[in-house]
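Colleague: I have a chain open here and would like to go through its fold with you. Could we start with the overall layout and then turn to the details?

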Amino acid sequence: MDHRDRVLRALNAFFESPKARQPPVEKTKSKPKKKLAPNSRYAGIPTEASEQVKLAGLLNQLTVDDEPVLWFHVPNESGGLGARSGYRRKQLGVLKGVSDILILTPGPLTGTPTAIELKRVKFSSTSPEQLEFLRRAERCGWGVHICKGFNAAVEVLRAAGYCS
């Protein structure tokens, strides 16, 4: 039996089955995420993502010598990716532990590019891969920083001379 015959046989079997005669099931909307309980230990502590959005807004406004600061965020988060997607990303060169914010424009006061690993103000930790990336970036002459929240990142930007 060749491929065509196998496919036709499988299609016929499906259309003769009771499952094929059922009306299509409508997809339901996913449930909204639950808000944290007021007594949760995370309540009132901004997420890393919300802090990063604020930082991105600030970085987009900064200039050095009348040129916009060249920076980017590496979308290295892997939440929800399947094994295939993770394998493909690895083939494409995704590196574990790359910092959240990479600023290629040298800091006016430091003369070096800057890597910022942004963390939540409380209840967050830095992975061994992130620490290793920061060590390697520092050996390459980068200014490296682990910042607990938006305000700490702003202090780093001030110290490097990106903003006053």
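This is a predicted model: local features need pLDDT of at least 70, side-chain atom pairs count only at pLDDT 80 or more; totals for chains, interfaces and linings use all residues.

Colleague: How many helices and strands does the chain come to?

Modeller: The secondary structure consists of 6 helices and 6 strands.

Colleague: What share of the residues is buried?

Modeller: Of the 164 residues in the chain, 29% are buried. The accessible surface is about 12,200 Å², and carbon and sulfur atoms account for 57% of that area.

Colleague: And of the contacts between residues at least 6 apart in sequence, what share joins residues at least 24 apart?

Modeller: That share is 66%.

Colleague: Which way do strand 3 and strand 4 run, parallel or antiparallel?

Modeller: They run antiparallel and are joined by 3 bridges. Within that pair, phenylalanine 72 stands opposite leucine 102 in strand 4.

Colleague: And strand 5 with strand 6, in which sense do they pair?

Modeller: Strand 5 (residues 114–119) and strand 6 (residues 143–148) pair in the parallel sense, over 6 bridges. Isoleucine 116 stands opposite histidine 145 in strand 6.

Colleague: Now helix 6. Which of its residues are buried?

Modeller: In helix 6 (residues 150–160), the buried residues are Phe150, Ala153, Val154, Val156, Leu157 and Ala160. Viewed down the helix axis, they fall within an arc of 155°, so they line one face of helix 6.

Colleague: What do those buried residues pack against?

Modeller: They pack against helix 3 (48–59), strand 4 (101–103), strand 5 and strand 6.

Colleague: Which exposed residues are on the face turned away from the buried side?

Modeller: Asn151 and Ala159 are the exposed residues carried on that face of helix 6.

Colleague: What follows just after helix 6?

Modeller: Glycine 161 does, with a positive phi of about 90°.

Colleague: Which residues other than glycine have a positive phi?

Modeller: Aspartate 65 is one of them, with phi near 55°. Phenylalanine 123 is another, with phi near 60°.

Colleague: Where is aspartate 65 found, and is it buried or exposed?

Modeller: Aspartate 65 is in the loop between strand 1 (63–64) and strand 2 (67–68). Its relative accessible area is 72%; because the cut-off for exposed is over 50%, aspartate 65 counts as exposed.

Colleague: And where is phenylalanine 123, and how does its accessibility class come out?

Modeller: Phenylalanine 123 sits in the loop between strand 5 and helix 5. With a relative accessibility of 39%, phenylalanine 123 counts as partly exposed.

Conventions. Residues are numbered from 1 along each chain as its sequence is written. Side-chain values use heavy atoms; hydrogens and water are left out. Two strands pair if DSSP finds at least two bridges between them. Helices (H or I, at least four residues) and strands (E, at least two) are DSSP runs, numbered from the N terminus. Buried means under 20% relative accessible area, exposed over 50%, partly exposed in between (1.4 Å probe, protein chains only). Contact means heavy atoms within 4.5 Å. Accessible areas come from the Shrake-Rupley method with a 1.4 Å probe; for residues, only the protein chains shown count as cover. The arc is that of the directions from the helix axis to the C-beta atoms.
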